[in-house]
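Thanks for making time this morning.

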Amino acid sequence: MAASAGRTTRSKKDTKGSKASKGSTGSIAAARRPEVRLPPLVPYGGKGLEPDGDYDGVRFDGADLTDESGPGARFMDCALDGCALDRTELARARFIDSVLTGVRGVGTDLAGASLRDVEVVDARLGGVQLHGAVLERVVVRGGKIDYLNLRKARLKDVVFEGCVLSEPDFGDAHLVRVEFRDCVLKRADFSAVRMESVDLRTVAELDIARGVDRLAGAVISPAQLMELAPAFAAQIGVRVEG
């Protein structure tokens, strides 16, 4: 049976996360970051996830959720610490005002999920399915995510910070006020992506496999421009010879 707990009363300003991120300039709109303040939490009972389950104010501490099935579940004011998410089915799940720290797993299914005011810290994930998902005011800080599938997803006010994204797929996604700060992008796929106020200037390693022609709406640094010049030239049919 889904666990629940009483929530403490606390005020959240309408301007939540509206502060400009550190180091931003007036040349591009900064992403609004989440300000998650968790209430006192009750421990997860370990009885397994439920489809359309309602988890309010629950702490999942080191829970093994491997092969668990909770499509459509709602996690509000929750903390997931060191949880195993191998092949966990969470399609269409909703995460609201929650923190995921040190989660790990392969093949986690979050297709069509909704994440709002969420922090993901030091995750170690592979093959995460987030296609068609909606992310709003989300920070992904540290960790490594391989083969992240964000095709046709909508990202608004999202920050990837100090993390490694290996072969992420943003195909046909819509990115609004998204920042990649001090992170590594390896073999990124931006095919058919739409970008508005996307900041790539501080990416530590920018490796674009596909979709370099879809960077309209992004801001890059002069050094990145030089690195991408051959790809830009190839897109418009310019041949560069010595």
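**From one cysteine to the core**

Let me start with C183, which sits in the loop between strand 12 and strand 13. Please keep in mind throughout that what you see is a predicted model. Is C183 buried or exposed? Its relative accessibility is 0%, and therefore C183 counts as buried.

Which residues does C183 touch, once those up to four places away in sequence are set aside? They are F160, G162, C163, T202, V203, A204 and E205. Among these, C163 deserves a word of its own: C163 and C183 are 20 residues apart along the chain, and their C-alpha atoms are separated by 4.8 Å.

As a general background remark, nonpolar side chains in soluble globular proteins tend to be buried together.

Now to the aromatic rings, where a search of the whole structure finds nine pairs. Y55 and F60 have ring centres 5.8 Å apart and planes at 65 degrees, and because angles over 60 degrees count as edge-to-face, that is how this pair is classed. Both of these residues, Y55 and F60, are buried. The pair between F170 and F190 is stacked, with 5.3 Å from centre to centre and 25 degrees between the planes. This second pair links distant parts of the chain, since F170 lies in the loop between strand 11 (164–166) and strand 12 (174–181), whereas F190 lies in the loop between strand 13 (184–189) and strand 14 (194–202), 20 residues apart. F170 and F190 are buried as well. Ring pairs also join Y44, Y55, F60, F75 and F95 into a cluster.

Let me finish with the whole chain. The protein has one helix and 16 strands, and 49% of its 242 residues count as buried. The protein exposes about 11400 Å², of which carbon and sulfur atoms supply 49%. Finally, among contacts with a separation of 6 or more, 16% come from residues 24 or more positions apart.

Conventions:
Residues numbered from 1 in each chain as written. Predicted model: local features only at pLDDT ≥ 70, side-chain atom pairs only at ≥ 80, totals over all residues. Heavy atoms only, no water. Helix = DSSP H or I, 4+ residues; strand = E, 2+ residues; numbered from the N terminus. Buried < 20%, exposed > 50% of the residue type's maximum accessible area, 1.4 Å probe, protein only. Contact = heavy atoms within 4.5 Å. Areas by Shrake-Rupley, 256 points an atom, 1.4 Å probe, with all protein chains shown as cover. Phe/Tyr/Trp six-rings, centres within 6.5 Å; stacked < 30°, edge-to-face > 60°.
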